[in-house]
Every structure is written in structure tokens, then in C-alpha cells.
Protein chains: 2
Amino acid sequence: MGMHELSIGVDMGGTTLKAAVVRETEIVQRAEPVSTRECSTPQELINCLAERLRTLRQQYPEARAVGMGLPGFVDHAGGKVDSLTNVPGWYDVPIRQILEDVSGLPASVENDANCMAYAEWRLGAAQGMSDVVCLTFGTGVGAGVVSNGQLLRGAMSAAGEIGQVSIDYRGRIGHYGNRGAVEDYIGNNELMREAQILYAASQGEAPIEMETPIHLENAAKVGCPVAQTLWDDAARKLATCLLNCHYILNPQAFVIGGGISKAGELLFAPLRRYLQSQIYPPHFAKLQILPAKLGSDAGIIGSARLALDELP
Amino acid sequence: MGMHELSIGVDMGGTTLKAAVVRETEIVQRAEPVSTRECSTPQELINCLAERLRTLRQQYPEARAVGMGLPGFVDHAGGKVDSLTNVPGWYDVPIRQILEDVSGLPASVENDANCMAYAEWRLGAAQGMSDVVCLTFGTGVGAGVVSNGQLLRGAMSAAGEIGQVSIDYRGRIGHYGNRGAVEDYIGNNELMREAQILYAASQGEAPIEMETPIHLENAAKVGCPVAQTLWDDAARKLATCLLNCHYILNPQAFVIGGGISKAGELLFAPLRRYLQSQIYPPHFAKLQILPAKLGSDAGIIGSARLALDELP
């Protein structure tokens, strides 16, 4: 089924839209990025995207399909955006038809985190697995689930919103009014806010630079007890979220990428410890916790692959 | 596919094994129950079951298949019990082959709560849905998940363990060492323990009888504020568990049966309220919360139907 064919992947984020011609996991040709914020309507963004797609098609006329990931609720089967989380104006947009019209290629549309998960499953860290949960950290927590050898979409294209999983029924109120969403504890901003509070409360001094998880990572690695406590606490909270996925979905693996996952063993060692102590041992023994393989291009790679996989 | 054919369903619980000839949702003929506790080895229980199956087959030779639900980790594809939660001695038992040998019929084996969910999905409250979560309350919380039109089993036959979903990352330590499992807050015993603590702390007197959720239900219905607080609190905790299922699986419906669900609106009204305030409104609008239809025979009905559905 055309394993080495070319297709075009589009990854729309809250700030940037990226498009590229892709072969397997290789980015063959990138288009100039589009600033999502500078487009005030879906039509403006679509005009910019149409221009990028025409250029890519001229350069690679052999590209056979186009796939696009969007940050919100995307009805894959119906080919439309229901709504986007942080981009206003996107309601009931028949984006698949629009993509086919402007590109002249068969198109496929999906949630952006689902595209990332699809890439890791088809071509990355989770290749060949039947059941897997992929997470990527950033401002929030993006995630996608493969269950029984299929991308899990749910009844209203809203499955896999793992950043919204509650770890505390009395916790803080989040994006949808829901209490204790894990993303509100271990997203980049929340983690740094927590760091500032802990440093203020401790007698010790905060390192000079303490603005991103990388600073926190460096502080922990040179032995700062405040930073170490913070990483352990983040691992504990993330473990509870993954436990919930385990007990509901029973995946073979968790694939974890982006943001705080770059801290490596600082996060993964306590994470494994918290999971091991809370999962039936024969099940923990078979559960893999893997770093993501495809990095920040996973969304492009996944949307491009999905479009190719769905060609008739 | 033989919608009105007969098959035999077997439902093994922690205390009782029940078997019956089933047509659709109708129990055509029950066998004498077996006390699970009086059988000290799997072989003893299998001997008792074999005798029941022979009798049922003699009475209904037209029964075409036998299905069995067991309380623990059951490898459906491999046809064996990995382990049972509260019944000692059941490790790596090739139960499907045993059933086929003793009954002379094609057999199918599955987790007991999955059988209940299968029954509600195929023949009960969730008929025709593609994505549904079924829960049944008792000493613990049993559950099964249908996702994308298939029973969700996971990588190690351990999916759908929704009673183990954590609602508090700092909560009490449960069966698998896991913290905050919802079953440890709203199982019958835990609920009544909570009731005793609250009544002891309150100035008011506990009603004369306060031993099961039915007493708690009666107290709430006659306006006892302690009991009403308890129901509201149970609904709030259950809502957090269902929220987690919603954000991970995005089902069309939750089907809820057994134990505390019998309290009806006392539970369902605050449950709906807590869910509504914590789910994106267009998604909540399409989410159904339904009482189970098939009652305490759902396990028998589901295992009998599963066996029939899997005939070649």
C-alpha cells in the first residue's frame, strides 16, 4: 500500500501552521510556515495554506494525498472541524472538502494530537502495537490513543483528551469547568508556577534563571532539593493519569514526548516507580514506557501517513 | 446470525456460580447454583459446573454454544483465565477448552463485567451504540467498555477496570497499591463506613437501621441531611470517574446498574449536575446516562450471547 510514496502533511497549531511533503518519516520539502495568529478568519488561513499546497504540488507532482491535523475537535469521518480549542472562528468548517478543492488531492483531516499518535504508532516508537497511548507535553498535554489496532476517536471525535483526566476530584477548575485535570498540574506554565511557589517558600535561593522546565531540569541535576521534589511530584501526578489510562485501556505502551519528557530519567525514573507500585505486577512487567521517536514533526508525518493509508 | 437460538450462559461470581439456558434476554431454564466458596480448587468447581451443563444440555439439546464470565483477568482470545481477583487457585486455567470438553459445545470465555457490558450493548440499554461504558455497583465497581463497535479488551485482557480509576492522586491505597481508586470510595462497604463516620460526627442520630445503601437511600428520601450529603458526595466522586472515561473514551452513553444505582434520582440527579458542569456543553448535550436494563442476569445473558455471536 505505497509505503514509499509521497504525500503532504499539514500540522496546524495554536501559533503556527506547518506543511511539508513527506516520505515515510522523512521531511522531503517544507513549505514556508504560516502564522496562525495573523489570520483572523478560517478563510484567511485557508488562502495561505492553499498557496503553500500549490507550491508543494508544483515541486512534487507525485504527491498522492494531503492530510491535516488541527488543534481541536475534528470529525474525521465527516471531514469537518467541529470547533478548535484556542483558535476562534472555526465552527463547522468542512475542511476536508476545502483541502481537496484547493489541492486537487484526496484529503484526510484529524485532531493534531491524534496525528502525532498515529505517526508514533505507524512509523515511530509504537510500531506494530495494537494498544498504545501517546502523549506529548507542551503548554498543555496532547494525546492520542490506539486501541485494538485502530485510532480511538469516540462518539463525538473527542476521545484521547488525556490532558483533561482528573487526578483530584476536589482539584482546581480547568478549561471545561472540570476539576483536577492533569494538564493543569504538569503543563509547562503550571510547573513553573509551582516552582516559583516552592522556591519562595523554601529558605534556599532559586537559581538565577528559572523560567522554563529546562532550568528546572538543570537545577535538579546539580542536586537542588526543591527542583528534585518538583520533578518527583510531577512524575507522581503524571503517573496517576497514566494509571487511569492503564485501568481503562490497558495499553502495551505509553509513548511520551515533548516538553518535560526531555528531562529523561529525571522524569522517567520516578514515573516508572510510581507506576510499578500501583499496577498488578504481571501487568506492569509487560507495560512499556517509551520516549517518542519522531519529535516535533510527528504531527506532519502522522497526517501525511493517515492520508496515504486512507487512499482507496 | 441466529438471533433466536438458544445458548448456555455461565456467570461465576466471588460467591456463586449461576448457569442457565438463554434465548435473547429470556432465561429459559436455570441450573441449580453452585457455591463458589465451597469449591476449594478450580477442579471441584469445574466438576460441579460440568454436572449442571450436562443437565441443561439434556433439557435443551438445541442449545448451540456455551459462554462463561469469570471474575478476574480472562484472556478471551487465548481462552484462559490468567488470574481471578478474589478466588484463589485460578492461574493459567485453559477454561475454554475445559468447557468445550465437558459440554461438547463451542465455548467462549470472558471477564464477568465484560459479559454484563456485552449484554447491555447487544440486547439492553445500549443497543446499537458504537461507544459505551457500562458500570455495575456492588461490593466493588464492575465495568466493561465498548469502543468503536467492539468490546475493549486491551493488551493483557485488563481493560475496562473502571473501579480502579483514581479520583485522587493522594488518596487511600487500594487493591493493587493504587491510590484513590473510585471503588474504594463508593463501593457498598466504603459508602456505609463513610455513613457511620458522618453520623457519628453529626449531632443528629442515625436512623435505627443503617447497614446497606438502601437504608441510606430511605434516610435521604425522608430528608436526613447527613444521608443527602453522602449521596451528593458519592455522585461527585462517581462523576469524576465518569469524566475520566469521557475524556479518554468519549462514549455515547454510560449505562449504570446494580447497588447504589437503585437509588435512582437520588444518585442520577447530582451525577448529571456534576457531569454537566465539567464537560464541554455540546458534548454533554449528546451524552446519555442510562439505567441498566438487564439486572442481575446481565452476566448470564451476555456470556450466552457472546458465545452465540462467535459461532463460525
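Let's start with a term that will come in handy later: two strands count as paired if DSSP finds at least two bridges between them. Keep in mind, too, that what you are looking at is a predicted model.

With that in place, go to chain B and find the hairpin made by E6(B) and E7(B). Four residues sit between its strands, and one of the residues there, B:Gly79, takes a positive phi near 70°. The two strands run antiparallel and are joined by four bridges, with E7 covering residues 80-84. You can pick out some of the facing residues yourself: B:Asp75 is opposite B:Lys80 in E7(B), and B:Gly72 is opposite B:Leu84 in E7(B).

If you skip the neighbours within four places in sequence, B:Ser83 is in contact with B:Gly72, B:Phe73, B:Trp90 and B:Tyr91. For a sense of distance, B:Ser83 and B:Ala253 are 170 residues apart in sequence and 30 Å apart in space, going from C-alpha to C-alpha.

Now move to another sheet in chain B. This one is open too, with five strands in the order E12-E11-E10-E13-E14 and mixed pairing. Its edge strands are strand E12 (150-151) and strand E14 (288-291) of chain B, each of which pairs on one side only. Further in, strand E10 (residues 132-137) and strand E11 (residues 141-147) of chain B run antiparallel, with six bridges joining them. B:Val133, for instance, has B:Val145 in E11(B) as its bridge partner. Lying across E10, E11, E12 and strand E13 (253-257) of chain B is helix H3 (residues 112-123), which runs at about 55° to E11(B).

Another stop in chain B is B:Ala195, in helix H5 (residues 188-201). B:Ala195 has 23 other C-beta atoms within 10 Å, so it is buried. Apart from neighbours within four places in sequence, its contacts are B:Met210, B:Leu216 and B:Leu230. B:Gln276, by comparison, is 26 Å from B:Ala195 in space, C-alpha to C-alpha, and 81 residues away in sequence.

Let's step back and turn to chain A. The chain divides into domain 1 (6-118 + 296-309) and domain 2 (128-292). The C-alpha centres of these domains of chain A lie 28 Å apart. Where they meet, twelve residues come from domain 1 of chain A and 13 residues from domain 2 of chain A. On the domain 1 side, strand E6 (72-75) and helix H3 (112-123) of chain A are the elements that give two or more residues. H3(A) gives the most to that side, with six residues. By class, the domain 1 side has seven nonpolar, two polar and three charged residues.

Finally, how do the chains go together? A rotation of 180°, with 0.0 Å of shift along its axis, superposes chain A on chain B with an RMSD of 0.0 Å. That is the relation of a two-fold axis. In chain A, the C-alpha nearest the axis belongs to A:Asp168, 2.1 Å from it. The contact takes 42 residues from chain A and 42 residues from chain B. Helix H7 (residues 225-249) of chain A supplies the largest share of chain A's side, nine residues. That side divides into 18 nonpolar, 17 polar and seven charged residues. And 100% of the interface residues of chain A are also interface residues in chain B, so the copies meet through the same surface.

Key. Residues numbered from 1 in each chain as written. Chains lettered and ligands numbered in written order. Predicted model: local features only at pLDDT ≥ 70, side-chain atom pairs only at ≥ 80, totals over all residues. Domains from an automatic or database assignment. Contact = placed C-beta atoms within 7 Å. Nonpolar A, V, L, I, M, F, W, Y, C, P; charged D, E, K, R; others polar. Least-squares fit on C-alpha atoms with pLDDT ≥ 70 in both. Buried ≥ 20, exposed ≤ 12 C-beta atoms within 10 Å, placed from the backbone. Axes fitted to C-alpha atoms, helices over the stretch in contact; angles between N-to-C directions.
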